[in-house]
Amino acid sequence: MNEKQLSPAQSGHATSCGCACSHHTNDEANFRRKKIVTGVSLLLVIIAAAIEHFFESWYYLAVVLAIIVLFLTAIPIFRGAYYGLRNGEVNVNELVCIAILGAVVLGEFIIAAEVAVIITIGEFIELWAYNRSRRDIASIVSNNPRYGYRITDGADSSSHIEEVSVDEITIGDTLLIRPGDVVAADGIVLGGSSYLDESCLTGESIPQEKKVGDMVYSGSINYDGALTITVTKNPQDSTYAKIVALVREAGERRPPTRLFINQFAHVYTPLVLIIATVILLFTGDPIRAITVFIVACPCALLLATPSVVLTAIGSAAKKGILIKSGEMLEICSSVSVVLFDKTGTLTSGKMEIEKIVPLSGNSEKELLHAAGAAESTSSHPIAQAIIRRCKKEEIELFPSGEHIMHPGLGVQTTLNGSTVYAGSKTFLAQMGISLPQDAPQASGVDIWVARDGNILGSLWISDTIRPESENVVQAIQKHGIKKIGIVTGDSSSSVSQIAEQVGLSKDLIRSGMVPESKRQFIEQLQHTEVPENTKEKRAKREIVCFVGDGTNDGPALAQADIGVSIASRSDTVALETAHVVLMREGLSQLPTFLTLGMRSSKTITSNVILALIINLIMIVLAAEGWLTPATGAIGHQLGTIVVLLNSARLAVMR
């Protein structure tokens with residue numbers, strides 16, 4: 001992902017902060033410019049107010065200073081209103097514009113300048129706070145490498161090192177990673193050893209030792225020793241490049257609450273105009289009407305959602321939790337069902353062959369040879385266990401024919417002219433191969449192997465439960481989610497054992513499921529209405545969170561209301577299919593995500609309520625004449641700051 005390929009909205013260098021008060025941006029140059037303008041304007045308006053109160057004979061000098069202040073501060077506000085009206089966007093700048101114009105028409109230049117300065121100060125504080133809420137996202141993007149050091153062979157057989165853009169790096173290049181460098185591309189260490197900071201990928205701050213043969217990942221920071229690596233992925237396809245793109249995109253997406261706020265803002269300005277007109281007609285005091293326009297500007301309301309989304313997504317990314325959309329945060333509060341895949345999710349996925357059971361006079365090596373040939377191209381944890389055992393026994397892995405995969409069931413291939421099948425009992429039955437009636441039964445997972453219709457035997461595969469699985473299930477139950485189940489392609493006996501060990505009932509356990517049947521089961525749950533006499537009144541139907549490891553789980557992850565995947569730094573499949581990705585090893589971050597989502601939803605709701613209450617109180621005080629335009633502008637900005645501070649609490653959530 002190259003910086004120059006991004007639009008301003010994507011790069012984070014010129015994105016609207018979400019405030020309706022002015023058409024400003026978040027880049028550093030604008031921030032410095034805003035700081036200078038705010039400081040100069042504040043000084044001039046203080047001088048003008050002092051002249052008005054203590055040196056009446058110099059009144060016209062005060063008016064001149066006020067007009068200068070209006071040029072500095074009011075023009076950007078009017079420009080923001082113009083852009084909003086021209087583009088048909090939600091914009092309430094016109095309320096402040098009307099207030100400033102009204103004061104000028106009445107000859108109250110200093111009041112108009114005071115209002116414009118206070119609004120500008122509020123914008124500056126908002127911009128500062130908003131930029132702070134983006135700092136975690138910015139820290140991730142800052143590690144996105146822009147160049148690397150490529151080692152090339154010269155004509156005289158000597159090596160040369162050249163600095164190249166990441167766009168020029170390709171698979172097979174040899175790179176030098178110096179101490180302090182950001183790794184430019186995923187690759188395998190050819191020489192040297194060092195410790196690398198991979199927190200940009202996993203959120204884990206403990207450095208990881210890297211030596212010859214180990215994988216290193218783009219975005220990691222080299223601590224001490226120099227490394228040479230051979231590139232295995234183009235930089236734009238690396239895990240880190242995808243993370244950067246997803247985090248940037250997530251910051252731009254809006255959850256459902258924002259729709260309500262947009263609809264509200266469309267009718268809000270006409271309503272305020274009516275209220276101000278009625279106050280003017282009944283009181284005859286234009287200053288009250290001007291003050292109403294100032295305090296009614298709902299900046300706090302418009303910031304209620306985006307400030308929470310940016311804070312939560314940035315905080316989560318720093319912990320190694322990638323949330324693709326702010327919508328996922330709000331859905332968390334409505335989740336009523338959590339479903340787990342088994343292998344690689346509740347269990348470690350690091351399977352081993354527990355027992356080899358040859359039948360019909362075949363040897364263990366013949367059985368392993370056929371199974372290894374069938375599974376040689378699969379990345380599934382069971383296949384990897386078989387491949388590791390074959391390598392240990394020095395058994396040839398590669399068959400002569402093509403593989404035909406049957407997702408969730410098994411695989412068939414050719415071996416020396418024979419057709420080999422390896423998979424579950426169901427798979428062999430579908431292939432027309434029946435098992436011996438006296439075949440031994442495994443307590444866990446068993447893979448059956450047949451050649452030309454004859455059973456060769458079975459491999460008993462064992463797996464271990466992740467140590468955190470039971471605690472994770474208990475933490476989810478504490479969130480009030482009682483419907484927790486397992487959907488897997490494994491046998492019912494092995495699933496029942498896992499369910500019992502992690503404390504799940506058998507009501508929501510499904511075994512022997514292929515990827516499509518997992519998806520269909522989730523879809524069926526999503527069409528199940530929640531009875532009104534139960535506690536699950538948060539939605540009219542079941543809201544499903546599915547947790548998988550990305551292997552054969554794509555359809556289920558996409559179908560679920562929230563698809564959560566445990567990712568691998570070397571495998572980016574989960575980044576493409578899931579809505580939420582846990583970059584650290586294991587399930588321990590799942591409760592953290594759910595807690596963050598639920599708190600985010602509550603914070604958005606509290607922000608909206610706070611903003612509406614503050615606006616209502618200010619309008620009443622302005623209508624009663626208890627606020628001046630200047631104090632009204634201060635009160636308006638205090639409401640915005642309250643919302644931003646309320647959102648900032650999410651950044652310190654553990």
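The legends below describe close-up views of a predicted model.

**View 1. An open sheet of 3 strands, in the order β6-β5-β8.** The pairing in this sheet is antiparallel. Its edge strands are β6, residues 208-210, and β8, residues 221-222. Each of these two strands pairs on one side only.

**View 2. The pairing of β5 with β6.** Strand β5 covers residues 194-197. β5 and β6 run in the antiparallel sense and are joined over 3 bridges. Within this pairing, Y195 has E209 of β6 as its bridge partner.

**View 3. The salt bridge between R178 and D181.** The whole structure holds 12 salt bridges. In the one shown here, the closest N and O atoms of R178 and D181 are 3.0 Å apart. R178 has a relative accessibility of 35% and therefore counts as partly exposed. D181, at 12% relative accessibility, counts as buried, because the cut-off for buried is under 20%.

**View 4. The salt bridge between E523 and R519 in helix α20.** The closest N and O atoms of this pair are 3.2 Å apart. Helix α20 spans residues 515-526. E523 and R519 are 4 residues apart in this helix, so about one helical turn separates them. The relative accessible area of E523 is 28%, which makes this residue partly exposed.

**View 5. The salt bridge between R541 and D561.** The two side chains meet with an N to O distance of 2.7 Å. R541 lies in the loop between α20 and β20, the latter being residues 544-548. D561 lies in the loop between α21 (554-559) and β21 (562-566). Because the partners sit in these two loops, the pair ties together parts that are 20 residues apart in sequence. R541 has a relative accessible area of 30% and is partly exposed, whereas D561, with 14%, is buried.

**View 6. A salt-bridge network of R150, E162 and D173.** Here R150, E162 and D173 are joined into one network. The joining is made by salt bridges that share partners.

Terms used:
Residues numbered from 1 in each chain as written. Predicted model: local features only at pLDDT ≥ 70, side-chain atom pairs only at ≥ 80, totals over all residues. Heavy atoms only, no water. Pairing = 2+ DSSP bridges. Salt bridge = Lys/Arg side-chain N within 4 Å of Asp/Glu carboxyl O. Buried < 20%, exposed > 50% of the residue type's maximum accessible area, 1.4 Å probe, protein only.
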